[in-house]
2 protein chains.
Amino acid sequence: MAKNKSDEFTADEMELADIAKALSHPARIKILKILSSRNVCMCGDIVALLPLAQATVSQHLKELKRVGLIEGEIEGPKVCYCLNNSKMEKAKDSLIKLFKKVCC
Amino acid sequence: MAKNKSDEFTADEMELADIAKALSHPARIKILKILSSRNVCMCGDIVALLPLAQATVSQHLKELKRVGLIEGEIEGPKVCYCLNNSKMEKAKDSLIKLFKKVCC
DNA sequence: TCCTTTAATCGTATATTTACGATGAACGAT
DNA sequence: ATCGTTCATCGTAAATATACGATTAAAGGA
């Protein structure tokens, strides 16, 4: 039978899965779109545009921050969010690389 | 404050999130790679190449089938899996469209 | 017919995700 | 100093995801 289960997943595979996870909720997709439509955006604006409670939006923002796709900068009592364009580009490249490797 | 929370997520946003969800586990990324390396693959081969139990791999295959990225065809007692290339391409296009819209 | 192989499904345990109200911390304005 | 605003975090409930052993169904071969 000789199963070779010793090989775990590669760092690349785990990283890509992590990026995909960050994109795996419609609210987070929408947040990225909102942030792109203005090049800077208060947290409250995002909350107002999503059908979710403020605490929930904050969690989604945290997840996007965790993988580095967005950044938040404190501005007085408000927080100004923006896309991390270089990280976005890296994410896109990683995904395209996978598709290229796999099929297209 | 005039929050407009009436707008839910679009079908596009939900579909894209769903695709991302299917890609959000390293085992599923690896399964896609395995299926691309041979253009056809028995379920047992995939199990042998992953550090996971057969039942778990079967669940991951089910998730990939759910979104249509792969297909399984019964061949006697075995099941022959393969990529759904057109669906893969659609998934890639949807992702690229998002990145293009958002930043790059 | 019975046995083996193959892979899905069941049952189940645990972890993670998602969601929300409540609370707290930081700041500006009064 | 106090108040209102803003947003993160806490606490928590419910749903979903992940993992595995055991069982089942389907097929081929003895």
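Modeller: The notes below cover the conventions, the fold of one chain and then the interface.

Modeller: This is a predicted model, in which local features need pLDDT of at least 70, side-chain atom pairs count only at pLDDT 80 or more, and totals for chains, interfaces and linings use all residues. Residues are numbered from 1 along each chain as its sequence is written, and chains are lettered from A and ligands numbered from 1 in the order in which they are written.

Colleague: What does the secondary structure of chain A come to?

Modeller: Chain A has 5 helices and 3 strands, where helices (H or I, at least four residues) and strands (E, at least two) are DSSP runs numbered from the N terminus. From the N terminus on, the order is α-α-β-α-α-β-β-α.

Colleague: Which strands of chain A pair, and in which sense?

Modeller: Strand β2 (residues 70-75) and strand β3 (residues 78-83) of chain A pair in the antiparallel sense over 6 bridges; pairing requires at least two DSSP bridges. A:Glu75 has A:Lys78 in β3(A) as its bridge partner. The hairpin has 2 residues between the strands, and A:Gly76 takes a positive phi near 65 degrees there.

Colleague: Now the interface. How many residues of chain B are in contact with chain A?

Modeller: 35 residues of chain B are in contact with 34 residues of chain A, contact meaning that C-beta atoms, placed from the backbone, lie within 7 Å. On the chain B side, α5(B) gives the most, with 9 residues.

Colleague: And how are the copies related?

Modeller: Chain B can be laid on chain A with an RMSD of 0.0 Å by a turn of 180 degrees and a shift of 0.0 Å along the axis, with superposition by least squares on C-alpha atoms of residues with pLDDT of at least 70 in both. The two copies are thus related as by a two-fold rotation axis. In chain B, the C-alpha nearest the axis is that of B:Ala20, at 2.4 Å.

Colleague: Which helices cross at roughly 30 degrees?

Modeller: The axes of α5 (residues 85-102) of chain A and α2 (residues 26-37) of chain B do, coming within 8 Å; axes are lines fitted to C-alpha atoms, for helices over the stretch in contact, with angles from 0 to 180 degrees between N-to-C directions. The two helices are therefore roughly parallel, the term for angles under 35 degrees. A:Leu98, A:Lys101 and A:Val102 meet B:Ile29, B:Leu32, B:Lys33 and B:Ser36 in this contact.

Key: Angles under 35 degrees count as roughly parallel, over 145 as roughly antiparallel, 65 to 115 as roughly perpendicular and the rest as oblique. Two residues are in contact if their C-beta atoms, placed from the backbone, lie within 7 Å.
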